[in-house]
Amino acid sequence: MRSTILKRTSRWLGASALALLVGIGGVSTAFVMTGQMATAQVQNAAQIVVPEAIQPQAGFADLVEAVKPAVVSILVEAEESPRAMQRGGGREFNFDFPDLPEGHPFRDFFDQFGDQFGEQGPRGGQERAPRQFMAAGSGFVISADGYVVTNNHVVENATKVTVAFDDGTEQVAEIIGTDERTDLAVLKIEGTDLPFVNFETESSRVGDWVVAVGNPFGLGGTVTVGVISGSGRNIGGSNYGDFLQIDAAVNTGNSGGPAFNTKGEVVGVNTAIYSPNGGNVGIAFAIPAATVKGIVQQLIEDGSVTRGYLGVGIQDVNRDIADGAGLAEAKGAIVSNVAEDGPAGPAGVKSGDIITAVDGDPIDDALDLSRTIAGKSPDSTVELTVWRDGAETTLSVQLGTLSEQAAAQADPAQPPVPQAPLPEESSVGLTLVPNADGSGGLLIQNVDPESAAAEKGLAVGDAILEVNNTPVNSLEEFEAALDAVKAQGRNTALVKASRDGNETFIGLPLSE
């Protein structure tokens, strides 16, 4: 789904395909003084003192010379699937498009004949024959016996993959395994004493130097330099987020290539860029080494990746939800529903529970919980710290195995059909009527545009299922639940609502 921070005219562009998925207390001013004035100045206790900076290097030539032999170009022959994306228009990205720049003669060929025939044959009514294309990306060798890391979208649908070294030697590679969720792939070439690089041993920080080496636009062995400009980024099209943001120039063809620190260690795998025009604008994203190491190890050992599965639908805990649940901090992930056949239900997890920690490690939001559970081994047991009914409890859950078919949504319980169909106005600006389809809850038939309910996005046609984790099927139950919230000394009610089958929690402010 497109990130809401992006402009309509902007696109996420993968670095291999042309257009891809890809306080300090007090009021003192912090400053640094030099010279005699600094000597005379009495330092305020809140003043920030910057440690002496490391002298800038004269250059990165020695580093590049050392790592370059292990950085490779990935040349792919593939059978083209129908193009799922059109250039322009801000469509979501796709990894199947040949990785060729605008103006490249082969690109012109693909445009001419691909657009001419489209999804059907030139005479219409007949499916066109599969079309072969060539694409290029980047990668790097991680072992002397020839394991190579790149992006999944670089080798997706490949019929033949060739690894080309900087000295011009080439080898046909075997695809050992791929993982679409993290966009990583491992290849294997023959060798016993190949040059290789290692992953970083200590996590890099925002502001650290980063050197990207790769094959942009088919120009193998290209080096660009910048810094890590952000971390923990969640970009559109990603299942697990947590990307490094770097400002080293990354372009079409850099996908799968390494980003190095000044010690020649791999800090991340370049995978996507953000651009309004298809070119580098200084915002690129790399999969961090900590993620890559675990995925690559599984791919080498098993050829695939297995992940833990909890079986719940979740959403972020905002300030209103935290207030409605009586939670001090707006952190954690609130359970919107529980899958009937998942492991969470039998372990006692309920809709409305807020998961604040896993095995003692705090959970910041829904994405953090997803990543944490996915990183656990299937069949392992985890301890969930849960906030429920104003108190903290602990539940033990034996995880299942996440599959593409594993449902994260569960059908709500089916209470009796309410017998009073007439709409009634509530104390919070909602006109409600019992749900006549037998699925329970109260349907909203009108919303006072000046009410807090309207401000929070509740609309006609939405269903109110619960208040303060209590099912409500009549106006009397709804008002009683609101009164119970006020009796507990809170001025925000935690409301579970449903729209088009999607359940969500809302913190609804109550009038005094």
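This is a predicted model: local features need pLDDT of at least 70, side-chain atom pairs count only at pLDDT 80 or more; totals for chains, interfaces and linings use all residues.

**Exercise 1. Strand partners**

Work out which strands pair with strand S17, and in which sense they run.

*Solution.* 
- Step 1: Find S17 at residues 354-358; 5 of its 5 residues are buried.
- Step 2: Look at strand S16 (residues 333-338), which runs antiparallel to S17 and is joined to it by 2 bridges. Here alanine 333 has isoleucine 355 of S17 as its bridge partner.
- Step 3: Turn to strand S19 (residues 381-388), joined to S17 by 4 bridges, again antiparallel. Opposite alanine 357 you'll find threonine 385 of S19.
- Step 4: Check the turn. S17 and S18 make a hairpin with 2 residues between them, and aspartate 359 in that turn has a positive phi of about 55 degrees.

**Exercise 2. A helix and its cover**

Find out which residues of helix H7 are buried and what covers them.

*Solution.* 
- Step 1: Go to residues 366-374, where H7 sits; its buried residues are Ala366, Asp368, Leu369, Ile373 and Ala374.
- Step 2: See what lies against them. The cover includes S16, S17 and S18, along with strand S14 (308-309) and strand S15 (312-316).
- Step 3: Look at the N-terminal end of H7. Aspartate 365 caps it, with a side-chain oxygen 3.3 Å from the backbone nitrogen of leucine 367.

**Exercise 3. Aspartate 179**

Decide whether aspartate 179 is buried or exposed, and list what it touches.

*Solution.* 
- Step 1: Apply the cut-off: buried means under 20% relative accessible area. Aspartate 179 has 6% relative accessibility, so it counts as buried.
- Step 2: Leaving out residues up to four places away in sequence, aspartate 179 touches Asn152, Leu184, Ile295, Leu299, Val305 and Arg307.

**Exercise 4. Aromatic pairs**

How many aromatic pairs does a search of the whole structure find?

*Solution.* 
- Step 1: The search turns up 2 aromatic pairs.
- Step 2: Take phenylalanine 60 and tryptophan 209, an edge-to-face pair at 5.2 Å centre to centre with 65 degrees between the planes. Phenylalanine 60 lies in the loop between helix H1 (35-40) and helix H2 (61-67), while tryptophan 209 is in strand S8 (residues 209-214), so this pair ties together parts 149 residues apart in sequence.
- Step 3: Phenylalanine 60 is buried, with a relative accessible area of 16%, whereas tryptophan 209 is partly exposed at 41%.
- Step 4: Move on to phenylalanine 140 and phenylalanine 199, also edge-to-face, at 6.0 Å centre to centre and 80 degrees between the planes. Phenylalanine 140 lies in strand S3 (residues 131-141) and phenylalanine 199 in the loop between strand S7 (184-188) and S8, so this pair links parts 59 residues apart in sequence. Both phenylalanine 140 and phenylalanine 199 are buried.

**Exercise 5. Around tryptophan 209**

Which residues does tryptophan 209 touch, not counting residues up to four places away in sequence?

*Solution.* 
- Step 1: The contacts of tryptophan 209 are Phe60, Val225, Gly226, Val227, Phe260, Asn261 and Thr262.
- Step 2: For a distance across the chain, take the C-alpha atoms of tryptophan 209 and aspartate 247: they are separated by 9.9 Å, with the residues 38 apart along the chain.

Note on methods:
Residues are numbered from 1 along each chain as its sequence is written. Side-chain values use heavy atoms; hydrogens and water are left out. Buried means under 20% relative accessible area, exposed over 50%, partly exposed in between (1.4 Å probe, protein chains only). Two strands pair if DSSP finds at least two bridges between them. Contact means heavy atoms within 4.5 Å. A polar contact is a pair of N or O atoms within 3.5 Å; within protein, one must be able to donate a hydrogen and the other to accept it, and residues adjacent in sequence count only if both atoms are side-chain atoms. Rings of Phe, Tyr and Trp (its six-membered ring) pair if their centres lie within 6.5 Å; planes under 30 degrees apart count as stacked, over 60 as edge-to-face and the rest as tilted.
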